[in-house]
Amino acid sequence: MQKAQQVLGEDAGPLQEEPPPRPAWTSKAQYILAQLGFSVGLGNVWRFPYLCHQNGGGAFLLLYLLLLFLLGIPLLFLELAAGQCLRQGSVGVWRSISPRLAGIGLASCLVCVFVALYYNVIIAWSLLYLARSFQHPLPWQSCPSAGPNRTEPECALSSPTTYFWYRQTLDVTPEMGVGGGLQPALVGGLLGAWALVGASLLKGIKSSGKVLYVSTLFPYLVLFCLLVRGLLLEGAPEGVRIMFTPKVSAWGTGQAWRQAATQVFFALGLGFGSVIAYASYGARRSNCHRDAVLVAGLNALTSLLATLVVFAVLGARATRRTRHCLRRNAELVSQALAVGGLPETARPPGNLTALPAPQYSAWLRGLPPALRDALGVTDCRLEEEMNKGVEGPGLAFIVFTETLTLLPVAPLWSSLFFLTLLGLGLGTMLGTAQAVLTPLLDAFPVLRRRRALLTVLCCAGGFVLGLPFAQRSGSYLVAAFDDYVATLPLLAVAACEAVAVAWVYGAERFLAAVWEVTGHRPWRLYGPLWRFGSPGAMVALLGASLGQLALRPPTYQAWDSATATSWRRPYPPWALALTLGLMVVAVLPIPLVALHRAVGPPRDPPGPRDQRAEEPEEEGESAADPAAPAAPRAPRALPRCPDEQEGAPLEDGEELCFPIGHTA
């Protein structure tokens, strides 16, 4: 501690200021569950498994873990430490470090608003599927009838689960430019989703923490049950084998590194401000470095568990589809043999349905292309079947639902699965909403007496602004926001955070301040990582993403009802303009605030000590610092840390906090 003070000197900055009273988590477990519930979201279930399969299986897992330690944990620790020491939201944290940096927090809030608007639509989809899961048989188990002895053509050309998703749930339009009007069921689901979020937030941070016990822990129970049941399906071990088979050649591609870094970044929720907001309600003496390692490790284990479940399901589904493909080809070959349309040299070496996959592929490649086209046979490969429908929401709402219909007591498994999606989505939404509410409450103390009204108004506004996503073309807008509006601005925010700590405040100074405030010494390795590694990685990732966006015009996956297939379409000009405009709006506060502070008249920002006279919150929640700030003491007194009760004896190994400029 004395060495930390020598590094800090007489003027260490705002991190050591005694913060104002603040609501607190009931326990450390509740705090960890809050951070974990926010970071573990729907992306762990469908984005991580897809990227793992696309980028070399086991090779991607190793690459992800490497970048998690070099990039993810340092940035997560930075946000946890800043929020915990300064006890403010994202705007207040960066304004306290430097008034010119307040735009970083404003940018985080704007991105969180954009995320909340579309993310709650995904929760609405889960609510709709959950409501329909209590039917027997499940409504997506078979195709609807279009007349006597006639199946709906769009469903017959695709599958029951695909038809239910695109036609009965979304009633999707053929392109983004055709709005199609509001989908009443989606509007009702969106209203229910915002009502759930609002009810969880109404009682403040403690009420949200109680919800997190269910929304965070329940998905783990269901995922484990699905893993056990999924591994018993035929073909599931083959899917798990593909998952763990490393394709080292993927390490040589820039795409694998870019997507692994992106997944690390978004899996931990960096740059949103939610990590800072949740940390600001934690105990100031907590070991935030250990918390960062714990949350990042549990997040990675969750992604691994979800990927095991997904690959087991994909393996079973691909095995079933491969067998169906082989049966179809066997019928085509049998018909050709019956009419003499197959030369003797082109006959298969045995029963097609019994041939091993390599032998079947070798026979198919040996056929002349013209004959292969005339027969209409295709290469039935397990790996190709696993790739179909695994991107984005289709993995959950098409692939999983198709497999769940094959299980005994299918409605029960379907209900559990969509309850899991609901829990994962709700945990992330609570963190996103808290990242918006916390800076508002910190900046405007008068709102603290009207927290309930503020929460209701924010949720009502979110519902109204989210109505465009409940149109028949709303799923296309969700994809655009998820791919661009809510991703690229966060890279700029995270890069600015690292620069703010490493180059504006000073990396060594920040580490020493955290050591003094928390009593736990962080790793010195974080200094060079914050100075060079994190900003360099973020800038490279942002440059690669923008370069790809410029060189390859973005496309979205549209649904063609005539052929019952999905295909990639380029974004219309108005959609590109809207996407780029919102991205610019999200990052614009960073340079605008810095410029305003640079050219405007100098003024002192309100620090933590200036806010002590503000009225306390009316909710009666315990403050993070239970004892009220004591009267000023003699300069050489040794005050306890803010979160310790006055007059309580020190425990074994417990330390006193030293104010800056005074030593023992």
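1. The buried residues of helix H23 are Tyr526, Gly527, Leu529, Trp530, Ser534, Pro535, Met538, Leu541, Ser545 and Leu549, where buried means under 20% relative accessible area, exposed means over 50%, and partly exposed lies in between, for a 1.4 Å probe and protein chains only. Helices here are DSSP runs of H or I with at least four residues, and strands are runs of E with at least two, both numbered from the N terminus. The model is a predicted one, in which local features need pLDDT of at least 70 and side-chain atom pairs count only at pLDDT 80 or more, while totals for chains, interfaces and linings use all residues. Residues are numbered from 1 along each chain as its sequence is written, and side-chain values use heavy atoms, with hydrogens and water left out.

2. On the geometry of this helix, H23 has 26 residues and reaches 35 Å from its first C-alpha to its last, close to the 38 Å expected at 1.5 Å a residue, the expected span being 1.5 Å times one less than the number of residues. A kink of about 30° lies at Gly533, shortly before the proline Pro535; the bend at a residue is the angle between axes fitted to the seven residues ending there and the seven starting there.

3. The cover over the buried residues of H23 includes helix H4 (58–86), helix H12 (254–267), helix H14 (288–338), helix H21 (474–485), helix H22 (488–518) and helix H24 (573–587). Ser545, placed in H23 (residues 526–551), counts as buried because its relative accessibility is 11%. Leaving aside residues up to four places away in sequence, Ser545 touches Arg258, Leu488 and Leu491, a contact being heavy atoms within 4.5 Å. Between Ser545 and Leu491 there are 10.0 Å from C-alpha to C-alpha, although the two are 54 residues apart in sequence.

4. Thr579 is found in helix H24 and is buried, with a relative accessible area of 9%. Its contacts, again not counting residues up to four places away in sequence, are Ala480, Tyr484 and Val485.

5. The structure holds 1 disulfide, defined as a pair of cysteine sulfur atoms within 2.5 Å, and this one joins Cys143 to Cys155 with an S to S distance of 1.9 Å. The torsion about the S-S bond is about -80°, so the disulfide is left-handed. Cys143 is partly exposed at 26% relative accessibility, whereas Cys155 is buried at 2%. Cys85, by contrast, is in no disulfide, and the nearest cysteine sulfur, that of Cys288, is 5.8 Å away; Cys85 is buried, with a relative accessible area of 1%.

6. The count comes to 12 salt bridges, each a side-chain nitrogen of Lys or Arg within 4 Å of a carboxyl oxygen of Asp or Glu. One of them pairs Arg167 with Glu154, the closest N and O atoms being 3.2 Å apart. This pair links helix H8 (residues 160–169), which holds Arg167, to helix H7, which holds Glu154, across 13 residues.

7. Glu402 meets Arg317 in a salt bridge at 3.5 Å, N to O. Glu402 lies in helix H18 (residues 394–404) and Arg317 in helix H14, so the pair ties together parts that are 85 residues apart in sequence. Glu402 also forms a salt bridge with Arg320, with closest N and O atoms 3.1 Å apart. Glu402 is buried, with a relative accessible area of 12%, while Arg320 counts as partly exposed at 26%.
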